[in-house]
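Hi everyone, thanks for making time. Have a look at the slide, and then I'll walk you through a few spots.

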Amino acid sequence: MKLLEDLLVLDFSQFMAGPFAAMRLSDLGARVIKVERSEGGDASRGLTLSNLKVDGDSTVFHAMNRNKESYAANLKDPDDLRKVIRLIEQADVLIENFRPGTMAKFGLDYASVRELNPRLVYASITGYGAEGPWKDKPGQDLLVQALSGIPWLNGNADQPPVPFGLSVVDMFTSANTVQGILAALIRRGRTGEGGLVETSLMEAALDLQFEVLTTHLNDGGQLPQRSRISGAHAYLGAPYGIYATRDGYLALAMGSVVRLGELLGCEPLTRYPNPSSWFDERDEIKEILASHLRSRPTGEWLALLEPADYWCAEVRTMEEALGHEGVRELDIVIEVSRRNGAKLRTTRCPIRVDGQRLGNEVAAPSLGEDTAAVDREFGLAR
Amino acid sequence: MADKPLSGITVVDFSQFLSGPYTGLRLADLGARVVKIENPRGGDLCRRLYISNVEIEGDSSLFHAINRNKMSFCVDLKDERERLPLVRLLEKADVVIQNFRPGVIERLGFGYEDVRRINPRIVYGSISGYGTEGPLAEAPGQDLLVQSLTGLARLGEEDGEAPMAYGLAVADMSAGALLAEGILAALVRRSIAGQGALVEVSLLESTLDLMQEALADAPVGALAAKPDGLPAEAPVAGAAGAFRAESGPLPAERPDLAPAEMFRAESGSESAKAPDVAQAEIYRPESGFESVKAPDVAPAGIYRTGDSYIAIGRGAPLFALGRAIGWFDAEERVLAPAGSRAAQPGIRERLQSKFGERTTAEWLASIEQAGIPCSEVLDWPNLLKHDGFRALEMIQTVRRASGATLAALRCPIRIDGKRLTSATGSPGIGEHNTAILRELEGR
C-alpha cells in the first residue's frame, strides 16, 4: 500500500526529528535518499547512549532510518555539491534540520533551491524557529522541554519539575513536519508549486501543551497544581492517577469517586458526593484511595472495577506490554534486514491503510551504501 | 494566507474528546473546512469535560482549545429525516474522522463501507483504542490507561523511579497526529490516482511508536515474546536490544565499559543541528581519566539550584561539566567527589548537591561557556514573557460568533514563511446547520 509512490524525498537531517519524519514518508510509500556527509554520516549513527550497536550503527539510528537509501557526499567538495544539486532538481521533498543558516552556506537554502526546482517541498526543522533570541541555542529535546513549561506538569508536587523521559518533543516535531510536507504536496497537486514548511521543537512543545496552556491563558494565569501523590495530570481531579497495589500498580482514569468507593469497598470515598470536591479535595481523596489500594493485588481490584466498566488498567512494564496477547495481535514488531544479511527487530509504522499494515523488510542503510547506484540512476557520475 | 494548503477540502468529523478532534484541528489550520457532527443531547462530550473553572459560554476551556476554527452540524443520527442532509454532506466531503469504540459507527450506518457507497473518493480516518479486533478491542481507549498498558508509565523504573504517567495526553495526541499524517498521504494519492482510502490508527500503536527510542534500547526479551504471552528467556548477553542481530555476519557490538543503565532514562536523541555535533569527541578528556574509554556522559535531567532549577541536556560530557562546575582544579585534579564518573552510583545525587551551591544564572554562565547544552527551567509565566517565546507569535485571539473571545495557541507549522492562523473560535452546537443546509440546497 503505497500512498506516496513515486515521490522522491531527500533527507539531509540528523538525529531524530528530521530522520523520523523522512522515515514516516518512506513508510507511506515514498523513496527516501538520505544525503550524508562522507565522514561518519548522520551523527546519530554513533550516538550509542545505551552502548548498543548493530552492524556498526546505533540502535537509535536503526530505529529512525529504516527503508532509506544512503548517499554519501561532502558538500564542501564542488563535485559532490554539483551532484547533490542535480539530485535536488529531481526531488519532490527535501528535509533538513541544520542550525539556521547552514544550508545557505552551501547554496542549498530554500530561496536558492527553489530556483532550481520550483515544485520542491522544502522542510526545515529548527530548535526554536529561525529568528529570535533562542535561535542559536542547542535544539535538544530536554532543553526545549525545560524552557516550555512541560516539566511542571509531570510528577508530584514535592518533586522538582520532571521532564518526559522520552524525546516526545522530537517525535511531535517530526509529526508536524510530515503533516506540513503532505499538506504542501496536496497544494502542489492543485497549483503545481512547491513550498517551504517550517517547524521547530519549541512550537511542537507548546502545541503539545495546547489544552492546558489555553486554559492558563484564559484563567487569569493560574499555575498547574501537581498532586501530592499519584500525580498523572495536574488539571484532572481524583481519582486520576497511578496507585501502588500489594503486588504492582493500578491506573485509574476519570470517574465517579463515590462509585469507585462502592466498587472497591472503600467507604470513606463515598463521602465525596459532590463532583467539585473531586477537584477541590483531590489530594485528600487520592490519599484515602492510595492507602486502600495497597491492601490487595492489582488483579483483585481489576476484577471489581472492569465488570462495572470503570476506567482502570494494570500498569505494565514495557516487557509485559509487548508480551501481552492484545499487543502481539497487532504485529507491531517487524524484522528488517540489511543487504549484508544483518537482521534487526523494530516496530512498524502504526498507520494502516485499507486494512493493510504499512511496512517492509528494509533496514537502515550503511553509510554511502547507495551512492554508486544513485549516481548511475540519476546520471550524476561524470 | 489566502490559499492555505488544504483549501477546498471538506472534513466531516464525528469524533469527540481529543484524539480525533486534534486531527480535525490540524486539518482546519492547514486550510480545510471541518464540520463537527454533534448530537442534540449536548454534542461533543468534551464540551463538559472541565479541567478548571474556566467556562466560556457553557463550554469547557478544553473544548474551546480543541475545536476552534470548526463548524458544528447538529444531527440526531437516530432520526432518519435528519440523516438525509448528512448523507448529502458526505457526498461532497473529502475526509471523514471518527473515534467511537469499534463497531459503533457501523451500527450508526456511517462506517467506511457505508460512506464509501455514498462517496467512493472518501478518505476515511478512524481511531480506536487498541485496534478493532483482539482481546483489547473493547477496552476503554483512554489516554492514561493506554500509557499504563504500553509500559510508558514505567520506563523510568530501571533508575529506581516509581511509575509516572506523562502529565499530558500524549497517547491521544500521538494518535491524532498520526491520523492526520495518514489522511494527508491518502489525499496526496487521491489527487494523483483518484481513489479514496481507509486510514486506521490506534492509541496503543501510536504510543508504542512514541516509545521507539526506549524500544530500541529494550532488553532482547522485550520484542521476542513467546506465543504464550510471556517474555522470552532472559536476555542474551551482548545482544542488541530490540534490534537483535540474529544471523547477520556482524555480531552486535557492545563496548565493555559503561553499563547500559547509566544512560537508560535519558536514552534518546539530540536534535542538535550542526553537523559538527559529535560532542563526545570534542570533550574527550585530554588528561586525567585516561581509563575512561566509554562515553563519559553526565546524567541528563533537571537539578535544583540555589534559587531555582537548571536542565542539563542529553549527552553532556561529564568531564567537561565537572570542570565547568569546579570539580577539578587547574591541573585537573579532582577537587570534589572522588572519581566523578556517571558510571558510579550516586552521581546524580552528587551533581544535585553541587548545583545547590549557586544560582541558576551563575551556573548557566559557566556551563554555557563550556559549550555544554543546558538551560534554565521556565514555568509558564516566565515563558510567556520571554523574548524567545514572543518571537514565535504563538498566541492568537479567536472569536466566537457571539463575540466572545479566547486566547489560543496557533498551529505549530509554518508554510512559505507564514504562520497558519485563524481567528475563528469554536462553534456552538448546531451553529452552522442553517448555513450548511442552505449550501446543500444550492442556495
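Before I answer, some housekeeping. This is a predicted model, where local features need pLDDT of at least 70 and side-chain atom pairs count only at pLDDT 80 or more, while totals for chains, interfaces and linings use all residues. Residues are numbered from 1 along each chain as its sequence is written, chains are lettered from A and ligands numbered from 1 in the order in which they are written, and side-chain values use heavy atoms, with hydrogens and water left out.

Okay, the answer. Ser148(A) is in contact with Met202(A), Ala205(A), Leu206(A) and Gln209(A), plus Trp380(B) and Leu383(B). You'll find Ser148(A) in helix H6 of chain A, residues 141-148; helices are DSSP runs of H or I with at least four residues, strands are E runs of at least two, and both are numbered from the N terminus. Ser148(A) is buried, with a relative accessible area of 0%. Buried means under 20%, exposed over 50% and partly exposed in between, using a 1.4 Å probe and protein chains only.

Now the interface. In chain A, 161 residues are in contact with 164 residues of chain B. About 14,500 Å² is buried between the two chains, and carbon and sulfur atoms give 65% of that. That area is the accessible area (1.4 Å probe) that two parts lose on being put together, summed over both.

There are also 12 salt bridges between chain A and chain B, each one a side-chain nitrogen of Lys or Arg within 4 Å of a carboxyl oxygen of Asp or Glu. One of them joins Arg414(B) to Glu203(A), at 3.6 Å from N to O. On chain A's side, helix H7 (residues 168-191) gives the most, with 17 residues touching chain B.

Last stop, the rings. Over all chains, a search finds 10 aromatic pairs, meaning Phe, Tyr or Trp rings (for Trp, the six-membered one) with centres within 6.5 Å; planes under 30 degrees apart are stacked, over 60 edge-to-face, the rest tilted. Tyr303(B) and Phe355(B) have centres 5.2 Å apart and planes at 40 degrees, so they're tilted. Tyr303(B) is in strand S9 and Phe355(B) in helix H12, so the pair ties together parts 52 residues apart in sequence.

Conventions. Contact = heavy atoms within 4.5 Å. Lists of a residue's contacts leave out its neighbours within four places in sequence.
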